[in-house]
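The entries follow the order in which I checked them.

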Amino acid sequence: MPASVKDVAALAGVSSSTVSNYLNHPHVLGEGSREKVRAAIEQLGFVPNESARQLRAGSSKALALILLDAWLPYFHELSRGVDDVAREGGWSLFFSNSDRDADREQRNIDMFEAHRVQGIVIYPLGDVVPRLERLADRGIRSVVVGPIRESATVASVLFDDRAGGRLAGEHLVDLGLRRILFLGNPAVTESNDRLAGLRDATAGTGAEVEVREVGHLATEDGLTAGAEIVAQPADERPDAIFAANDMVALGVLTQLLRHGIRVPEDIALVGFDDVAEAHQSVVPLTSVRQPGYEIGRAAGAALLAQLADPAAPPPATPPFPAELVIRESTRGR
């Protein structure tokens, strides 16, 4: 017999109303209560009644997309790609945003498991593969956008971030620039890979790489970093900046121009992702192109392939290659 709310409550040592709140209003619970209920649900394989009814009837045609930071333009494009593939296949797609918060990411996975979606595409903050493998044991398949360890049940769609960082670094070195500042977030794997590529390109060239952490890889972070750079004596400023994404780069660009620092004559600037805003800015931005829409479509297609043949191994998708789009933020050097 399937587990009930009462079974979950008994195992977790909480009331049935607490379990109900976990399923419907998790924000009202403390972290300790949420964790007790989550662990009990996972141990019992509990599925809420409505979702179970849909599953038995074969009427569930729902997929989920969990984004790292839904407000960044790159994720808009990725979402559109996943959504288009889902709708073309007759599936509904539900969205959620983890906002770079590990607990929130976990709760998003819990929510979609409870509602018994058939598959999940996720751009994660941390290592979610063990959790996704347990979901696969219950028939919920997953695709991770980004690098993962090898898995027999979880697919991944990759972009060559390290090669992108290498292209950016080679371009700056070829321009004769030797004091390069990297703006990134060490908690994000892709940011670290872009930095590693930059270091590959500068090794043995005499170029020095300084690293400065930015919190959320958003425009506001770029504005803050730009203000710090402006405050430095002119002879101590970098002659080039490589930002881990375009939004940080555009924030930096705004601050430099506000204070009369010329781009690229005084400081060259490279971003990453090549979102629409990169070519729309006052000084069009050199950027490593990451094709968000195409990556989203590939992730959606990989998920549907798993659902069509659950016994098959996860489909292998070749990594998307990096491309450097050179514009005025470096071209005038």
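Below are my notes on the sheet, the helices against it, and the cavities.

Entry 1, the model. I am working from a predicted model.

Entry 2, the sheet. I looked up the strand order and found an open sheet of 5 strands, β2-β1-β3-β4-β5, paired in parallel. The edges are β2 (92–97) and β5 (154–157); each has a single partner strand, so one side of each has no neighbour in the sheet.

I checked β4 (residues 141–145) against β5 and found parallel pairing over 4 bridges. In this pair, Val 144 stands opposite Ser 156 of β5.

I then listed what α5 touches: β1 (62–67), β2, β3 (119–122) and β4. The direction of α5 makes about 170° with that of β1. Helix α6 (residues 102–114) lies across β1, β2 and β3, and I noted an angle of about 155° to β2.

The largest cavity holds about 120 Å³ of space. It is lined by 14 residues, and those closest to its centre are Phe 75, Arg 100, Tyr 123, Arg 194 and Asp 273.

I sorted the lining of the largest cavity into 7 nonpolar, 3 polar and 4 charged residues. Helices α5 (73–88) and α9 (189–202) each supply at least two residues of that lining. The most come from α9, with 3 residues.

How values were computed. Residues are numbered from 1 along each chain as its sequence is written. This is a predicted model: local features need pLDDT of at least 70, side-chain atom pairs count only at pLDDT 80 or more; totals for chains, interfaces and linings use all residues. Side-chain values use heavy atoms; hydrogens and water are left out. On a 1 Å grid over the protein atoms alone, a cavity is a set of points where a 1.4 Å probe fits but cannot get out, and a pocket is an open set with protein on both sides within 12 Å along at least five of seven lines; lining residues have an atom within 4 Å of a point. Grid points are joined across faces, edges and corners, and a volume is the space filled by probe spheres set on the points. Ala, Val, Leu, Ile, Met, Phe, Trp, Tyr, Cys and Pro count as nonpolar, Asp, Glu, Lys and Arg as charged, and the others, Gly among them, as polar. Two strands pair if DSSP finds at least two bridges between them. Contact means heavy atoms within 4.5 Å. Axes are lines fitted to C-alpha atoms, for helices over the stretch in contact, and angles run from 0 to 180 degrees between N-to-C directions.
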